[in-house]
Amino acid sequence: MSKKDISRRTFLNYMLMGTGGFLAAGMITPMARFALDPALKADAGGGDMVAVTTVDQLTSEPQRFDFKVKVTDGWYKTEIPLSAWVYTEGDNIIALSPICKHLGCTVQWNTEPSKENHFFCPCHFGFYEKNGKNVPNTPPLAPLDKYAYEVKEGKLYLGKPEPNPV
């Protein structure tokens with residue numbers, strides 16, 4: 001058996017290719033992980049519903065319910081306080097976001113004597129009807145958002161706010 005000698009040039013070529021491959025893998029791995037991570041994770045935000053109240057507490061008059069949503073931002077986990085105006089309309093449950101679509105102030109129910117049974121934004125005197133529709137000729141340009149909801153075992157669960165179709 002004869003041993004084949006490796007020249008210095010061949011050895012240097014192997015070392016440079018190995019080092020280059022190692023460095024390329026080190027740069028490509030984080031980019032591939034970033035691109036594939038959403039596909040590898042379970043649906044983190046799709047079905048997140050938070051228990052807010054029991055259905056027997058709901059009336060036809062909007063009531064404000066405060067709740068907290070758990071949020072994960074990287075490795076930082078926190079709870080964000082939110083609220084909703086919730087009422088019943090026949091067999092339907094309506095859950096509206098209290099955030100004004102004009103400048104993000106918090107709306108209140110039935111606090112302005114000049115317009116009874118309306119949501120009122122005190123920042124710029126904006127008004128919304130009971131179903132969340134913005135009143136024409138007032139600052140808000142869009143209706144209040146509606147929360148996705150489901151009822152399980154007598155409890156009302158709210159999800160993420162969605163644009164209100166009214």
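Phe-120 is buried, at 7% relative accessibility, where buried means under 20% relative accessible area, exposed over 50% and partly exposed in between (1.4 Å probe, protein chains only). The model is predicted, so to speak of local features takes a pLDDT of at least 70, side-chain atom pairs count only at pLDDT 80 or more, and totals for chains, interfaces and linings use all residues. Residues are numbered from 1 along each chain as its sequence is written, and side-chain values use heavy atoms, with hydrogens and water left out.

Phe-120 stands opposite Gln-108, with Phe-120 in S6. Strands here are DSSP runs of E with at least two residues, helices are runs of H or I with at least four, and both are numbered from the N terminus. S5 and S6 run antiparallel and are joined by two bridges; for two strands to pair, DSSP has to find at least two bridges between them. Together with S7 they make an open, antiparallel sheet in the order S5-S6-S7. S5 and S7 (126–128) are the edge strands, each with a single partner, so one side of each has no neighbour in the sheet. As for Glu-116, it lies in the loop between S5 (108–109) and S6 (119–121) and counts as exposed because its relative accessibility is 57%.

Aromatic rings come next. Rings of Phe, Tyr and Trp (its six-membered ring) pair if their centres lie within 6.5 Å; planes under 30 degrees apart are stacked, over 60 edge-to-face, and the rest tilted. That rule gives five aromatic pairs. In one of them, the ring centres of Phe-120 and Phe-125 are 5.8 Å apart with planes at 45 degrees, so the pair is tilted. Phe-125 is exposed, at 55% relative accessibility. Elsewhere, ring pairs tie Trp-85, Trp-109 and Phe-119 into a cluster. Lys-115 has its charged end over the ring of Phe-127, 5.6 Å from the centre, a call that requires NZ of Lys or CZ of Arg within 6 Å of the ring centre and within 35 degrees of the ring normal.

Moving on to the other strands, S8 (residues 146–152) and S9 pair antiparallel over six bridges, and Tyr-149 stands opposite Leu-158 in S9. S8 and S9 form a hairpin with two residues between them, and Glu-153 in the turn has a positive phi of about 50 degrees. Leu-158 also has Val-50 opposite it, and S1 (residues 50–54) pairs with S9 (residues 155–162) in the antiparallel sense over four bridges.

A salt bridge needs a side-chain nitrogen of Lys or Arg within 4 Å of a carboxyl oxygen of Asp or Glu, and the structure holds three. Lys-152 is partly exposed at 46%, as is Glu-150 at 29%.

Asp-145 and Lys-101 also meet in a salt bridge, at 3.2 Å from N to O. This pair links distant parts of the chain, 44 residues apart: Asp-145 is in the loop between S7 and S8, and Lys-101 in the loop between S4 (92–96) and S5. Asp-145 is buried, with 18% relative accessibility, whereas Lys-101 is partly exposed at 37%.
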